[in-house]
Amino acid sequence: MITLTTELEALRAAGTVHLPGDPGYADACTPWNLAVRLEPAAAAVPRSITEVVAVVRAAVAAGLRIAPQSTGHGAAALGGRPLDDALLLRLSGLSGVSVDPAGRTARVLGGTLWRDVVSAAALHGLAAPHGSAGDVAVAGYVLGGGLSFYGRQHGLASAHVRAVELVTADGALVRATRDEHEDLFWAIRGGGGNFGVVVAIELDLLPISDVFAGMLLWDLSQAEDVARTWIEWTRDLPRSATTSLRFMRFPPVPELPPFLSGRELVVIDGAVLDSDEAAAELLAPLRRLRPEIDTFARIPAERLLDVHMDPPGPVPAVGDQTLLSALPEPALDALLGVAGPGVRSPLMFVELRHLGGALAEPQDAAVAAIDAAYALIAVAPAPTPELAAIGSAAAAGVAAAMREWSAPSVFLNFTERPVDARTAFTPEAWERLSSIRRSVDPTGVWVAAHAVGADLATESDRMNG
């Protein structure tokens, strides 16, 4: 039980803070990933920056830690940890975007979803460095680095951040840029929710109004030829192209279109930031494999959010990931052995995302670059605890099968389970992160999905109760 201070009671009366048993508690604690169960001492859904400040100050005064969360796409890494001394701070009620078309920038509030930013930017012939799903929040994505289909040309999304407004553990509202609170600005771009709760972000937008993008689709029986061709194709690919390859398995349900329902498929999708003629020439080796469906064409930049066919709303899911330094023939054989044709698998998809290009060029941020050639992600639906266990084991099996070719680092945006976050950073970056966190959060107020820069022994004690 928490001590209800006058401040917390006032916020509860206003409908901002919810305790177990209150009507709004369950909804406030339900993340986007419905397979995750969170049971904090309290939950808050502020609707303004002023309310965020009030919640932080009231929670700290009551002796509570604070777990910031935008949507909860990555909540799996937080699930299962004791939160009986923590307040879950959900930012879903704090949303909005304003675009400066002349300056090609956008200011987005802390719970804003990418689809809202993309739509607002498109009105001015601009694009944003968004991910593959429109209902991912800008904050969590950007503060973990952020991979987009613009990435090989334009780098990590965090490289496009101009300013971050956040509430620190002492309840102060701080604006961090390259020129003010520089250490905090450096740390939060990669260090995530370990330094404060982000209430607004200013982003540089891209001068892109349309893009050559789409997908190529084959039956999974052709996976070996398609994957081998794609891997070879990516080796000397210009940075204008950012694509992914997925082995996909869909249940036979009427909610899915016929070309997906009950099918096992191999899909290549992404974007080519070049002329139609150059893009067509670039895609020719893949098109010679005669895909069943080919949607690559010139489309408005806003429609790039539809290309990857991500779920349109919350789902229960489990998964695993690894970064790959290379994909030689034995690596492809290993991947086909656990995810290819003829394999009975509970996984909905196993995905390879092509990295390199600008993603490998260091920026002055906690996550400076991604030192890997590909990212591998395996995801399974998890509608029940039993299926979650089966799916988790299958996803872990895919990652284990690729261990020989795995890079030593991890990418926290894709990490669905607790890991030693030190592996996401260079030793020098980790030391700097630790120093910055000690200076801005000396009592360990913030609870992030991945504990960055914290006293790991203390964090481990808390996690194990």
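F411 counts as buried because its relative accessibility is 3%, where buried means under 20% relative accessible area, exposed over 50% and partly exposed in between, with a 1.4 Å probe and protein chains only. The model is predicted, so local features need pLDDT of at least 70 and side-chain atom pairs count only at pLDDT 80 or more, while totals for chains, interfaces and linings use all residues. Residues are numbered from 1 along each chain as its sequence is written, and side-chain values use heavy atoms, with hydrogens and water left out.

Rings of Phe, Tyr and Trp (its six-membered ring) pair if their centres lie within 6.5 Å; planes under 30 degrees apart count as stacked, over 60 as edge-to-face and the rest as tilted. By this rule there are 5 aromatic pairs. One of them joins F411 and F414, which are edge-to-face, with 5.4 Å from centre to centre and 75 degrees between the planes. F414 is buried at a relative accessible area of 15%. Another pair, F425 and W430, is tilted because the planes stand at 40 degrees, with ring centres 6.1 Å apart. F425 and W430 are both buried.

Helices (H or I, at least four residues) and strands (E, at least two) are DSSP runs, numbered from the N terminus. Helix α8 (residues 223-235) packs with helix α10 (residues 329-339) at about 145 degrees, the axes being 11 Å apart; axes are lines fitted to C-alpha atoms, for helices over the stretch in contact, and angles run from 0 to 180 degrees between N-to-C directions. On the α8 side, A223, E224, A227, R228 and I231 meet E329, L332, D333 and L336 of α10, contact meaning heavy atoms within 4.5 Å.

H181 has a positive phi near 50 degrees and is not a glycine. H181 belongs to the loop between β8 (173-176) and α7 (182-191), and is partly exposed at 44% relative accessibility. M309, also a residue other than glycine, has a positive phi of about 60 degrees. M309 lies in the loop between β14 (297-300) and β15 (317-324) and is partly exposed at 26% relative accessibility.
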